[in-house]
Amino acid sequence: MDRIRIRGGRALKGTIPISGAKNAALPLMIASLLTEETLVLDNVPRLADVSLLQHILGNHGVDVTLSGKRAGESENTGQTLQLSARTIVDTTAPYHLVSKMRASFWVIGPLVARMGEARVSMPGGCAIGIRPVNFHLDALRALGAEIDIEEGYVLARAPKGLKGARIEFSKVSVGATHTALMAASLASGETVIENAAREPEIADVAACLIKMGARIEGAGTSTIRVQGDKHLRAARHSVLPDRIETGTYAMAVAMTGGDVVLAGARAELLEVALDLLRQAGTEIAVTNEGIRVRRDGAGLTPVEVATAPFPGFPTDLQAQLMALMSRARGTSKITETIFENRFMHVQELARLGARIHLDGETAIIEGVEKLKGAPVMATDLRASVSLVIAALAAEGETMVHRVYHLDRGFERLEQKLAHCGAAIERVAG
Ligand code: EPZ
């Protein structure tokens, strides 16, 4: 298994291109199941999760073609995928595939809406918590699907098609909002989704569905109205920039000091995180190219924050902020409100010398002057990258194990950081 070796202590300087958002690309690819015609997606990041979803969609009969790099295009240009679900050959998403990537459960909405049936494995728990799918099932039931659970599979049936309805979520869920939105696009009549997730990735998927012919209002707010249609059509859509990748590299620069332009990044996708970084003593400026992040030699000011659904501070940046605050001048508090078990990075950060203790859902981080390199490993994507951030400022060498987690969600991480002066390399095998 590959590892990443980092020698800490170098300031980052230069430009980091921001890739297309993983968490928009995945549901956008799934949306291809809604139409017999071809969906073309540009700016798709080259990630292990994208490749795995290509394979999963292929299993349902989706023909996925990857356009090769065009002359003059840099390696930073995202890939173009053409997805054509002319014929759905299989409405089952098997356990061995869904268990590898939870978001593949989301095929359930388009499959039942278009084919009148879907048999999708329950995803099971994962390293960041229990993560049930009850809200997805409630939404499909509201739209008229019959739901049964058999041998670990969810069977959803709607032989006469889905019917528009009012869906009110008791808690904000990104995935369940995607399921409701995609299913409602092919349902007859009007659907109103209340307490919908407001994440920019929801608005991005809605923008694509609108290009495909769906009539959707309010995506990006907590009430979404959908007028369903029997057929959606071909469309072309470019994936929005990744706000979590943006925030991660902004925190890396805050950690090491330096001056980096995050090219293609959009500040309005992560205002709360950028404000926190300003509070911590980082200069953030919006430029024509993207976002410029600068910090000179001054120490970091501690912060207090709780994760929350968008527009709040994202749970997907919680681990990275904790790494950063491990070197602040004082005590920080970070409360995790979205997932009950998303603190697996605490023990690994401690191996690098961070002083963190947990009080229920709150991590209390006492800043230390120095971190020291060590071998570390992590259990999920964002936890792994928090170790990279800590290692960039740690004295000596850190070896990050289980790099496959990083490959799921960060495109060319070591090249992007090395290009800005970090001493980072992948060690094969
Ligand atoms: C999405 O996961 C993201 N995944 C996650 O990113 C992100 O952490 C999360 O949203 C929160 O922002 C993708 O977009 C592919 P939720 P999702 O449904 O949709 C509970 C990353 O690192 N819940 O919004 O699965 C759930 O347990 C990943 O890129 C139910 O109780 O998250 C959690 O406590 C990790 N029942 C809360 O709601 C349900 O049916 C929010 O989860 C669904 C969710």
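Let's start with a pair of residues facing each other across two strands: Glu217 stands opposite Arg225 in strand E13. Keep in mind as you look that this is a predicted model. Glu217's strand, E12, covers residues 215-217, and three bridges join E12 to E13, with the two strands running antiparallel. Together E12 and E13 form a hairpin with five residues between the strands. Find Gly218 in this hairpin, and you will see a residue with a positive phi near 90°.

Which residue of E13 is the bridge partner of Val192? Here we meet Arg225 again. Strand E11, made of residues 190-194, is joined to E13 by five bridges, and these strands too run antiparallel.

Next, let's turn to empty space inside the protein. Rolling a probe the size of a water molecule over the atoms shows where such space is left. A search of the whole structure finds one cavity of 30 Å³ or more, and the largest cavity has a volume of about 40 Å³. What lines the largest cavity? The residues are Ala21, Lys22, Asn23, Glu201, Asp242, Arg243, Ile244 and Arg382. Helix H1 (22-31) and helix H8 (243-256) each supply at least two residues of this lining. Sorted by class, the lining has five charged residues, two nonpolar ones and one polar one.

Terms used. Residues numbered from 1 in each chain as written. Predicted model: local features only at pLDDT ≥ 70, side-chain atom pairs only at ≥ 80, totals over all residues. Heavy atoms only, no water. 1 Å grid on protein atoms, 1.4 Å probe; cavity = no way out; pocket = protein on both sides within 12 Å on 5 of 7 lines; lining within 4 Å. Points joined across faces, edges and corners; volume = space filled by probe spheres on them. Helix = DSSP H or I, 4+ residues; strand = E, 2+ residues; numbered from the N terminus. Nonpolar A, V, L, I, M, F, W, Y, C, P; charged D, E, K, R; others polar. Pairing = 2+ DSSP bridges.
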